[in-house]
Each structure stands twice: as C-alpha cells, then as structure tokens.
Amino acid sequence: MTVRAGSCLCGARAYEIEGDIDAVWVCHCSRCRKASGSSGNSILIVPHDRFRWVRGEDHEDTFALPSGYSITRCRTCGTPLPAETDETHIYVTAGTLDAPLGKGVRTHLFCGSRADWDRDESDVRYFDERSR
Ligand SMILES: [Zn+2]
Ligand SMILES: [Zn+2]
C-alpha cells in the first residue's frame, strides 16, 4: 500500500498517510486567507484510520477564534498543520505533503470570498524556478 509522508518546514512535526487520497479541496473564505497569509487553505480529507503522526506531538500551538475556527501551527516554524477533524476524517494541509499526490484540485469552497487578486493576469509569467 502507498504511504505518503508529510512534515512542517522545520521537520519537527511529521505524519504519514496510507493509501489513495481524494483530490484537493481549497477554501477561499476570509478566515482561511488570513490564517494562510495567502489565497486560502488547500486541504486533503483523510480517514482517521489512514493518518498517523510520526513525531513532534509537543510541537503544536493552536489559535482559536470564539466562533470555533482554529488553526494549528508548528511551534518552531509556524507551518499550518493537519488539525481540524470531523467524526471520520482529519483535514490535512496539502502543502505539508512531502510526496506527489497524483491528484489535482476538485473543489473550491467560499468562492464568493475569493480575493480579487486570486487570478492570473493576461500577461502572467511562469518560471520553473525563481525569477531573477
Ligand atoms: Zn516545524
Ligand atoms: Zn475557509
């Protein structure tokens, strides 16, 4: 069975996911934009029984709003970590995957809140590595 690893930027917190993973969900709501500092949160929805932490249990800090919205980050490097759950799944921050997923984005949520800059200009440029 395929096992995919994931970790934060400094490597203190790490996890593994067993088996195939569904396509990516992207949330563009104003809270996810603030919490990510970017266009939103990209999430993999993984059954609890196929997700396991490998290390770094003491490396998490969680910030929660009164509404219940929360974000959990690595205490050392600040990477947003998998944390939010429902009864059957954990929501894994897709950017923390260390391996290719083999799937793309299938669902965009809160598109009405999407930042107006979250689109390509007609003269958009793409570079395989950083530009000069
Ligand atoms: Zn870290
Ligand atoms: Zn959101």
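Predicted model: local features only at pLDDT ≥ 70, side-chain atom pairs only at ≥ 80, totals over all residues.

Analyst: Gladly! Let's start with a term: donors are N, O and S atoms within 2.8 Å of the metal (3.2 Å for Na, K and Ca), and water is not among the atoms, so sites may look incomplete. Residues are numbered from 1 along each chain as its sequence is written, chains are lettered from A and ligands numbered from 1 in the order in which they are written, and side-chain values use heavy atoms, with hydrogens and water left out.

User: Why is Cys32 called buried?

Analyst: Buried means under 20% relative accessible area, exposed over 50%, and partly exposed in between (1.4 Å probe, protein chains only). Cys32 has 7%, so it is buried. Cys29, at 5%, counts as buried too.

User: Why is the site of the zinc ion (ligand 1) called tetrahedral?

Analyst: Its protein donors are the SG atoms of Cys8, Cys10, Cys74 and Cys77, 2.3 to 2.4 Å away. Four donors count as tetrahedral if all angles lie between 85 and 135 degrees. Here the angles among the 4 donor atoms are 106 to 114°, and the site is tetrahedral. For reference, the ideal angle for four tetrahedral donors is 109.5 degrees.

User: Is Cys77 buried or partly exposed?

Analyst: Cys77 has 27% relative accessibility, so it counts as partly exposed, while Cys8, at 5%, counts as buried.

User: How do you know which residues line the largest pocket?

Analyst: On a 1 Å grid over the protein atoms alone, a pocket is an open set of points where a 1.4 Å probe fits, with protein on both sides within 12 Å along at least five of seven lines; lining residues have an atom within 4 Å of a point. For the largest pocket that gives 22 residues, with Cys32, Asn41, Ile43, Glu84 and Tyr91 closest to its centre.

User: And how does its lining divide by class?

Analyst: The lining of the largest pocket has 16 nonpolar, 4 polar and 2 charged residues. Ala, Val, Leu, Ile, Met, Phe, Trp, Tyr, Cys and Pro count as nonpolar, Asp, Glu, Lys and Arg as charged, and the others, Gly among them, as polar.

Notes. Tetrahedral: all angles 85-135°; square planar, octahedral: opposite > 155°, others 65-115°.
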